[in-house]
Amino acid sequence: MPQQKRPIRLLRNLNAKIAAVPMMLTATFVFAGGSLWTVLYSFTSSKLLPRFSFVGAEQYERLWAAPRWNVAVENLFIYGALSLIFQFVIGFLLAALLDQKIRFEDTFRTIFLYPFALSFVVTGLVWQWILNPDFGVQSVVRSLGWTNFEFNPLYDADIVIFGILIAALWQGTGLIMCLMLAGLRGIDEDIWKASRVDGIPTWKTYLFIVIPMMRPVFITTLVIIASGIVRVYDLVVAQTGGGPGIASEVPAKYVYDYMFHAQNLGQGFAASTMMLLSVAVVVVPWAYLEFGRRRHG
Amino acid sequence: MTSVSIKDLSLEFGAVSVLKDLNLDVGDGEFLVLLGPSGCGKSTLLNCIAGLLDITDGQIFIKGKNVTWEEPKDRGIGMVFQSYALYPQMSVRGNLTFGLKNAGVPRDEIARRIERAANILQIEPLLDRRPGQLSGGQRQRVAIGRALVRDVDVFLFDEPLSNLDAKLRSELRVEIKRLHQQLANTMIYVTHDQIEALTLADRIAVMKGGLIQQLDEPLTIYNRPRNLFVASFIGSPAMNFIKGEITGTNGSPVFRAGDLTISLAGYETQQSLAPGHCVILGFRPEHITISDVPGPAGRSCEAVVDLDEPMGADSLVWLKVAGKAISVRVDSGRRYQPGEKVFLIFNPAMASLFDVATENRI
Amino acid sequence: MADVAEISGPQTAIEPRGARPRHAFSRRNIFIYGTLILVAVYYLIPLYVMVVTSLKGMPEVRLGNIFSPPMEITFEPWVKAWSSACTGLNCDGLSRGFWNSVRITVPSVILSIAIASVNGYALANWRFKGADIFFTVLIVGAFIPYQVMIYPIVILLREIGIYGSLSGLVLVHAIFGMPIMTLLFRNYFAAVPEELFKAARVDGAGFWAIYLKIMLPMSLPIFVVAIILQTTGIWNDFLFGVVYTRPDTYPMTVQLNNIVNSVQGVKEYNVNMAATILTGLVPLIVYFVSGRLFVRGIAAGAVKG
């Protein structure tokens, strides 16, 4: 009997491992390594070029002292909270309406979702034009007779974030509607039948039976919306450029501007680390719930 | 008195006709099973009775009242679904009471009904659990309980046991039968499982293609199937079919297929068995006996054993007779060897004859 | 007898038969369709305004309101947007950005899908030790704000010597497309019956043979979904374009933003809107042509993500 060589462990499934090399490199060097690098250098005094001169939390102190950053964070909170609420409510209501076995469902869905295919830049520019005070909604309403009508979010620092919100909702609600609709369609039809036999009104069935059943979909949707909120950047750049003044600044824009224009890398790194932290606050509990529970059965 | 009465019911989805001009009367306290292969329209019919589907034409009466346009909740029905359809975020008690609370039933009345249902179904210890914490059998019991507390005359079951494993299924089958004996309600039960149908039903309606093929007591359906479809759908192992023609005089008709001839003396039929008539002869495997010696002339023939399948209590022996395969159910006490020569004895009184062209029983 | 039956009170009411009577204009229907139509109008207005504005001449834009249809249709804004609108120093219109975007999108889509499909296949069907760890890091990476990884990648590309070039941006797109694409393919291949895979192995097929001869032919739908997702995603990208390219290699979105938001010269709103439509045209066409597949793609990508 010929002696068999014991296979070398590392070479088992060698082709599969080779195929996974790009993933390993990306995961290790770009995602894990890159993030670590940025976090590490946020504690340095890097200016034009990254320089490893440790200065402790100085960048963070400067960051939180900067009015521009504070405006950006405040904007993110207002924009985030409102966009979360509205996207959820509008998305769910639209999905529930589309779920009523209506005619032209495909047409309506196509209309509600098409803005999602467009880029934020296009979205921002369209709404910049529609909200233009001299030609857009404000001037049209005024020309109809309400000459005192005032709706000028793009040049009014107090409400500029709502102008961005309108555009963001227009662009993103279709996606949420689609997710919710998929969730509604995933609910056992027999549940609806049972509630009809029980004589439960439709709205009560939604409120007490269907919505509680859709928890997993809601959580997924929440994570998707939340991670999108933190990233908001192109929309602001295109629609307002952060203005008027610094009224519509957002953290992502702060990072970019400090890294590539203000030549103050340390500030950019510190700001982006703060962004990472805020995402972690949302994602880590979710991942723990989602995957931790699965492991426990 | 009839409990559920269906008159000329039709249902079309666009151009597709699902139920065609269907008539059905279900007696008070009767256990009726709708049986058929998937896509035959049996569940659809049940949903129409429940009012969950809008019918295209016809009328539905429950307890003599025309309920064709009534909402499901006003029809006096309770329904049990295949997927249980329990409300997952509510406790068992919540599931049982939700509909009642909505209908404005007084508290003490609700409590009384819950107690009764829980008692009958023996689910008292489960009342405060969530459906997710129950086994499949327990969930199905709760689902039955939800129909029970509605205090209705007619129960509708939509394949209630299909999601359970074989052992649990036979246990719950017995329980449902016992429940029916105890409550004496009208029950309409949809299934594709013929054992469930045969064991539970007072009457079975065998359906195919949106039509009721035969509506009869279980044993009649089994022994005297009205057409070829019913004959082949009911019975496991399946009925043997041999295609041939009638020969012989009217007084003593004979079935002939190639070299095989079987006397049909004693076969009950209203029609005349004219010579030259092309027919299909059907025998259930247990209605043929195997013998080592030839039987009475005209009712016996020689056969060669092909295969012996022991199934525990009995065996299924496959034989070749005049080039055709025939299965016979025998006592498992004796094993047969392939190639063995034996004799088959047929009993014409237990046979079924079908017209080749119409496939109807003769 | 017939007479007697007719006058016997309640019997004269119509005997219910057939379908429940339905009113096309029931309150429920009016509410549902009314709401849907209203919302649909809101969603369509921006598209309408874009098109209408882009077909007007500048004098008309200044006089009229943005919702009124053009009195005189002109395609000049479109021509100008495409071939002679100015961004800073260049005045050769959006065409340059368009072709840049094509040269970025096509290789990026091919590269990212090639990597991700093979990778997803390896993860789903050839589970090897440690694979799950890398995959988890990859998926977590999808949630990390890009801003955190931007600068290290700048250094990386500079070291390789492709910072500012189209191939650098292609590489970036391949990297950031990896999490969602890998997930998409992994889930798809994991749903393929394992028996099929085992049968092929027993027949002596190896890693690549199974991928090419068995998995690829049966996964056309998921490839189409992936192509749709990546094409729209990469075409619409702005951040990576602005970070990793130079003015002469800017993708269309960046160039569009520079045209519209440039502070020099007189604002030509009609040209701006024509340019905006032109930039949105590619993803819109992909969306309308792909229809249900697009929905399936975002649902598959999002719900399981």
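**Domains, sheet and interfaces of the predicted model**

Chain B is assigned two domains, domain 1 (2-227) and domain 2 (240-355). Such bounds come from an automatic or database domain assignment. The centres of domain 1 and domain 2 of chain B, taken over C-alpha atoms, are 40 Å apart. The model is predicted: local features need pLDDT of at least 70, side-chain atom pairs count only at pLDDT 80 or more, and totals for chains, interfaces and linings use all residues. Residues are numbered from 1 along each chain as its sequence is written, while chains are lettered from A and ligands numbered from 1 in the order in which they are written.

Chain B holds an open sheet of six strands. Their order is 6-7-8-3-9-10, and the pairing is mixed. Strands (E, at least two residues) and helices (H or I, at least four) are DSSP runs, numbered from the N terminus. Two strands pair if DSSP finds at least two bridges between them. Strand 6 (77-80) and strand 10 (211-216) of chain B form the edges, each pairing on one side only. From one strand to the next, the twist averages 20°. Axes are lines fitted to C-alpha atoms, for helices over the stretch in contact, and angles run from 0 to 180 degrees between N-to-C directions.

Strand 3 (residues 31-35) and strand 9 (residues 203-208) of chain B run parallel and are joined by four bridges. Here Leu32(B) stands opposite Arg203(B) of strand 9. Helix 4 (residues 136-148) of chain B packs on the sheet. This helix touches strand 6 and strand 7 (154-158) of chain B, and its direction makes about 170° with that of strand 6. Contact requires that the C-beta atoms of two residues, placed from the backbone, lie within 7 Å.

Between chains A and C, 70 residues of chain A are in contact with 68 residues of chain C. Helix 2 (residues 21-41) of chain A gives the most to the chain A side, with 12 residues. That side has 51 nonpolar, 16 polar and three charged residues. Ala, Val, Leu, Ile, Met, Phe, Trp, Tyr, Cys and Pro count as nonpolar, Asp, Glu, Lys and Arg as charged, and the others, Gly among them, as polar.

Nine residues of chain B are in contact with six residues of chain C. Strand 4 (residues 57-62) of chain B gives the largest share of the chain B side, three residues. By class, this side has two nonpolar, five polar and two charged residues.
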